[in-house]
Amino acid sequence: MSHLLQITDLHICTDPAEQLAGINSRETLLQVLDSIAASVPRSVPLLLTGDIAAHGELAAYQWLNQVLLATGREVYWLPGNHDDLAQLEAGLVDFPRCRSVHLAGWQLLLLNSSESGSATGKLGSKELDWLSGELSQSDASHLLLALHHPLAAVGSAWMDAMCVADSDELGALLESEARLRGVICGHVHQQSCVDWCGRPQLSAPASCFQFAPGSDEFALDDEARPGYRLIQLHSDGRIESEVVRV
């Protein structure tokens, strides 16, 4: 069995005093990491599922690079619609981008669902071709996809309008892929577990501010705490997880 920690929608700011929706995203991230350090062994890697910086600025990623180094953990990441991929790669210099991760019989495949200038998710032919190539070469028993935008609606109308636009093309590509066990996404700033093509799609609370679930229009949940998701990947293909709030 392997373990994985999902932290999502960090929205780190360059200015250490800047607040977003009344939240200092640097401070709440440090609280999340302190909670993890106190309860989860360092051997469990971190998966950052996008919107890592609030404004895509190099200095925000550089600050995060030092924070992540102090955790002593392996870190995997993918970009969100608020991120600048070039700055992200330059800033997380000690954590080079890794798109395919092997975890004891599992293969984690990290997709880029962000399209420049748009908050809506889209994979595009280049990303789908990359995934097709990875699938054809994979000898893993079980597959897990990770991306920023959700593939399936989570029940918030305004947010669901930003789901991956070409999820049907992805579904067609994976239709005969019996090894796919689930999908991990970010973007929604809330805890959810919904069905996508017969597999669970899991999202986690943001490490900063939270969106109100089940809302037709943009709404914050001021009562919900930041958090993370601890994922267990079993050798028989089962996925178990729990959300921890801090």
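Me: Is Phe 211 buried or exposed?
Reply: Phe 211 counts as buried, because its relative accessibility is 9% and the cut-off for buried is under 20%. Bear in mind that this is a predicted model.

Me: Okay, and how many aromatic pairs are there?
Reply: The count comes to 4 aromatic pairs. One of them joins Trp 158 and Phe 211 edge-to-face, with 5.0 Å from centre to centre and 75 degrees between the planes.

Me: Nice. Which residues do ring pairs link into a cluster?
Reply: That cluster holds Trp 158, Phe 209, Phe 211 and Phe 218.

Me: Switching to charges: what lies over the face of Trp 130?
Reply: Arg 99 does, at 3.9 Å from the ring centre.

Me: Now the sheet. What's the strand order?
Reply: The order is β3-β2-β1-β10-β11, an open sheet of 5 strands with mixed pairing. At the edges are β3 (75-78) and β11 (239-245), each pairing on one side only. From one strand to the next, the twist averages 20 degrees.

Me: And how many bridges do β10 and β11 share?
Reply: There are 7 bridges between β10 and β11, and the two pair in the antiparallel sense.

Me: Which residue stands opposite Leu 233?
Reply: Ile 239 in β11 stands opposite Leu 233.

Notes. Residues are numbered from 1 along each chain as its sequence is written. This is a predicted model: local features need pLDDT of at least 70, side-chain atom pairs count only at pLDDT 80 or more; totals for chains, interfaces and linings use all residues. Side-chain values use heavy atoms; hydrogens and water are left out. Rings of Phe, Tyr and Trp (its six-membered ring) pair if their centres lie within 6.5 Å; planes under 30 degrees apart count as stacked, over 60 as edge-to-face and the rest as tilted. Buried means under 20% relative accessible area, exposed over 50%, partly exposed in between (1.4 Å probe, protein chains only). A charge sits over a ring if NZ of Lys or CZ of Arg is within 6 Å of the ring centre and within 35 degrees of the ring normal. Two strands pair if DSSP finds at least two bridges between them. Helices (H or I, at least four residues) and strands (E, at least two) are DSSP runs, numbered from the N terminus. Axes are lines fitted to C-alpha atoms, for helices over the stretch in contact, and angles run from 0 to 180 degrees between N-to-C directions.
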